[in-house]
Amino acid sequence: MDGAADPSAMADGAAAGAAGMSAPPGPGGAPAPGAARTAARLLRGAPLAAAIRAEVAREAEALCAALGSPPALAVVRVGDDPATAVYLQRVLENCRQVGIEGRLVALDADVHPDRVADAVGRLSADERVAGILVGQPLPPTIALDAVLRRLDPAKDIDGIHPLSAGMLALGRDGFVPATAEAAVEILVRSGIELAGRRAVVVGRSNVVGKPAALLLLRRHATVTICHSRTADLAAETRRAEILIVAAGRPGLVGADMVAPGAVVVDVGINVVDGRIVGDVDERAAEVASAITPVPGGVGPLTNAILLTHLVRAACAQAGSRGLPLPSRAALEVPA
Ligand code: NAP
């Protein structure tokens, strides 16, 4: 399924599907059954992420020159869940690469819950910290709500605060969970048309499925959200022209559950026999017109988008304190 990143290399039906052009519809408006089977175009996140990081680096340098110090992101890690630790470490590395100061606040899993909320409260009050990322999942003893009560929404760069969620639901500007934004942004930046298309999202978590569905709606897709109680998941996914899967269940969506010519975004990250795999069976690439690889699809873009949020937060906070601002034009992510 490799080597098809150039749309001109695709069979006509697949290219039409990926580019949002009108392939002849099948029954119920689904993409045409029996469309030529071909290797799907791979929607890779890394090149898009590299371009975004370069923009962020320019922006961070300009902010540093204007404000006298680099913008800072504080990462709060509670406990030592390995997947969370790796993710947060990668975020901090990305910060270093683009000239953002990354600060790690590491707390033991058995810390008193008040100490976590207090740490977030202190960071919220610290003018040198522009954004706060709280590693999830938190240990079961730590109530997320109590932590969120102390999180300044202006620093909520991963969109976990209820105010951020409300702004998204209302279609207003605010911070969106970076993974959900990456799942939709990889489509937008790959030139895939969303307006008027049938989109299905598998997963309804507050950090991925639900916000991804709202972002698709904002872009005028017709959206269905599926979850563990969906009666006939395959029937729903087969109707999708755009399919985003974020369930955390390896192989949940088989190739036979994907409509020919559909565009598939696989958000899942699962470790199976020491390999990282998504939620979508790899053979779906023989049916879809375009698909994100796992790893290498949504993941890299997620981290880059998080950095754009940090710069946006830093600019907004500097502006509200009457400090001089560099131009942010290069960083605008289309709404
Ligand atoms: P989550 O909170 O566990 O939510 C999973 C969702 O999938 C739930 O809504 C659940 O439905 C649904 N689901 C589970 N089994 C299902 C089934 N058999 N049929 C239909 N729906 C089913 O997980 P998450 O935090 O949203 O993460 C989802 C995946 O994305 C995970 O693999 C995670 O590792 C990955 N992830 C990737 C990135 C990235 O940067 N690429 C970032 C974050 C997460 P119910 O609501 O009914 O339980």
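Two strands count as paired when DSSP finds at least two bridges between them. With that in hand, welcome to a set of close-up views of a predicted model.

**View 1. Strands β5 and β7 run side by side in the parallel sense.** Strand β5 covers residues 198-202 and strand β7 covers residues 242-245, and four bridges link the two. Look for Val202, whose bridge partner in β7 is Val245. Both strands belong to an open sheet of six strands with parallel pairing, in the order β1-β11-β8-β7-β5-β6. The edges are held by β1 (41-42) and β6 (222-226), each with a single partner strand, so one side of each has no neighbour in the sheet.

**View 2. Val245 sits in strand β7.** Is Val245 buried or exposed? Val245 is buried, with 30 other C-beta atoms within 10 Å. Beyond its neighbours within four places in sequence, Val245 has contacts that include Val202, Gly203, Leu252 and Val253. Its contacts also include Asp266, Val267, Gly268, Asp279 and Val280. Val265 is 20 residues away from Val245 along the chain, yet their C-alpha atoms are separated by 6.3 Å.

**View 3. Strand β2 is covered on both faces.** Ala72, Ala74, Val76 and Val78 lie on one side of β2, while Leu73, Val75 and Arg77 lie on the other, and all are buried. With seven of its seven residues buried, β2 is therefore largely enclosed by the rest of the structure. Its partner here is β3, which pairs with β2 in the parallel sense over seven bridges. Within this pair, Val76 stands opposite Val105 of β3.

**View 4. Helix α3 spans residues 82-98.** From first C-alpha to last, the 17 residues of α3 reach 25 Å, close to the 24 Å expected at 1.5 Å a residue. Which residues of α3 are buried? They are Leu88, Val91, Asn94, Cys95 and Val98. Down the helix axis, the buried residues of α3 fall within an arc of 115°, so they line one face of the helix. Just after the helix, Gly99 adopts a positive phi of about 80°.

**View 5. Helix α4 spans residues 113-125.** This helix has 13 residues and reaches 19 Å between its first and last C-alpha, close to the 18 Å expected at 1.5 Å a residue. Its buried residues are Val116, Ala119, Val120 and Leu123. Viewed down the axis of α4, these buried residues fall within an arc of 95°, so they line one face. They pack against β2, β3, β4 and α5 (144-148). Asp114 and Ala125 are exposed on the other side of α4.

**View 6. The largest nonpolar core has 96 residues.** Ala212 and Ala288 have the most contacts inside this core. Helix α10 supplies its largest share, eleven residues. Domain 1 (7-43 + 178-299) and domain 2 (67-150) each contribute at least three residues. Apart from neighbours within four places in sequence, Ala288 is in contact with Ala40, Val258, Ala262, Val263 and Val264. For context, 48% of the 335 residues of the protein count as buried.

View 7. Pro295 is found in the loop between β11 (290-291) and α10.

**View 8. His220 and Asp273 have positive phi values without being glycines.** His220, with phi near 70°, is in the loop between α8 (209-218) and β6. Why does His220 count as exposed? Because it has 12 C-beta neighbours inside 10 Å, and a residue with 12 or fewer counts as exposed. Asp273 has a phi of about 50° and lies in the loop between β9 (270-272) and β10 (275-277). Asp273 is exposed too, with 5 other C-beta atoms within 10 Å.

How values were computed. Residues numbered from 1 in each chain as written. Predicted model: local features only at pLDDT ≥ 70, side-chain atom pairs only at ≥ 80, totals over all residues. Expected span 1.5 Å × (residues − 1). Buried ≥ 20, exposed ≤ 12 C-beta atoms within 10 Å, placed from the backbone. Arc of directions from axis to C-beta. Contact = placed C-beta atoms within 7 Å. Core = buried A, V, L, I, M, F, W, Y, C linked by C-beta atoms within 7 Å. Domains from an automatic or database assignment.
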